[in-house]
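Take a first look at the chain before reading on. The points below go topic by topic, from helices to charged pairs.

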Amino acid sequence: MLPQSVEKMLVDQINFEIYSAYIYLAMGAYSDSIDMPGSANWFKIQWEEELFHANKMYDYLLERDGRQIFTAIPQPQTEWKSLQEAFEGALAHEQIVTSRMNEIMATAEQERDYATRSFLQWFIDEQVEEESNVKELIRQIKMVKDSGHGLYMLDKELAARTFTPPKGV
Ligand code: FEO
């Protein structure tokens, strides 16, 4: 059995991962609206990744005899001033996710729930990668600034992103 406090945090986090997916879908729609289909693709892949996170956590919750309670998903932001602002929003959001993961990990440790601690390690590592990827993209966007050619090339690069479920998880 999961400690009640850990179960509640996992339930909340599953809802939050679905909310994260929704935010990225909105960022993808914004990208399409400013004719950046590659960026839209990048955000849609991110949407898939977040749903993967939610599913992975859901399966774990079931394995530990927990029960998911789905709640309403808040409306995401729909407009940004620029692509850079959208990606900065993505980074800020990932930083919130990281701090939530750390909180769940700390609670699992307090409760001596070592199985959850082990399970969460994948998410903790994943957050390092997620933040780093978005930071790199912000750096690239800042470098091209308002250059139409630079943005076009960057968008082409983002179009190549595909979703591959991580192996062995
Ligand atoms: Fe599921 Fe982007 O963290």
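A residue is called exposed when its relative accessible area is over 50%, and buried when that area is under 20%. Asp35 has a relative accessible area of 65%, so Asp35 is exposed. Keep in mind that this is a predicted model.

**Helix lengths**

- Helix α1 has 30 residues, and at 1.5 Å a residue it should span 44 Å. Its end C-alpha atoms are 44 Å apart, so the two values agree.
- Helix α3 covers residues 83–110, which makes 28 residues.

**Positive phi angles in the loops**

- Most residues other than glycine have a negative phi. Where does this chain depart from that pattern?
- Asp35 has a positive phi, near 60°.
- Lys145 belongs to the loop between α4 (114–144) and α5 (148–159). With a relative accessible area of 63%, Lys145 is exposed.
- Arg112 follows α3, and its phi is positive, near 55°.

**How α2 meets α5**

- Two packed helices are described by the angle between their axes and the distance between the axes.
- For α2 and α5, the angle is about 35° and the axes are 7 Å apart.
- The crossing of α2 past α5 is left-handed.
- Which residues of α2 meet α5? They are Pro37, Gly38, Ser39, Asn41 and Trp42. On the α5 side, the partners are Asp155, Leu158 and Ala159.

**Three buried residues**

- Leu91 lies in helix α3. Its relative accessibility is 13%, under the 20% limit, so Leu91 counts as buried.
- Leu91 and Lys135 are 44 residues apart in sequence, yet their C-alpha atoms are 6.9 Å apart in space.
- Which residues does Leu91 contact, leaving aside neighbours within four places in sequence? The contacts are Glu131, Val134, Lys135 and Ile138.
- Phe123 is part of helix α4. At 1% relative accessibility, Phe123 counts as buried.
- Leaving out residues up to four places away in sequence, Phe123 touches His53, Lys56, Met57 and Met101.
- Phe123 and Glu48 are 75 residues apart in sequence, and their C-alpha atoms are 15 Å apart.
- Glu50 belongs to helix α2. Glu50 is buried, yet has no salt bridge. The nearest side chain of opposite charge is Arg161, 7.8 Å away. A salt bridge needs a side-chain nitrogen within 4 Å of a carboxyl oxygen.
- Beyond residues up to four places away in sequence, Glu50 touches Glu17, Ser20, Ala21, Tyr24, Glu94 and Glu130.

**Salt bridges**

- Side chains of opposite charge can pair when their charged atoms come close.
- How many salt bridges does the structure hold? The count is seven. Three of them are described here.
- Arg64 pairs with Asp113, and their closest N and O atoms are 3.2 Å apart. This pair links distant parts of the chain, 49 residues apart. Arg64 is in the loop between α2 and α3, and Asp113 is in the loop between α3 and α4.
- Are Arg64 and Asp113 buried or exposed? Both Arg64 and Asp113 are buried.
- Lys81 and Glu85 form a salt bridge, at 3.6 Å from N to O. Lys81 is exposed, with a relative accessible area of 75%. Glu85 is partly exposed, with a relative accessible area of 25%.
- Glu136 and Arg139 form a salt bridge, with their closest N and O atoms 3.0 Å apart. The two residues are three residues apart in helix α4, so about one helical turn separates Glu136 from Arg139.
- Glu136 has a relative accessible area of 32% and is partly exposed. Arg139, at 44% relative accessibility, counts as partly exposed.

Conventions. Residues numbered from 1 in each chain as written. Predicted model: local features only at pLDDT ≥ 70, side-chain atom pairs only at ≥ 80, totals over all residues. Heavy atoms only, no water. Buried < 20%, exposed > 50% of the residue type's maximum accessible area, 1.4 Å probe, protein only. Helix = DSSP H or I, 4+ residues; strand = E, 2+ residues; numbered from the N terminus. Expected span 1.5 Å × (residues − 1). Lys, Arg positive; Asp, Glu negative; His and termini not counted. Contact = heavy atoms within 4.5 Å. Axes fitted to C-alpha atoms, helices over the stretch in contact; angles between N-to-C directions. Left-handed = near helix turned anticlockwise from the far one by under 90°.
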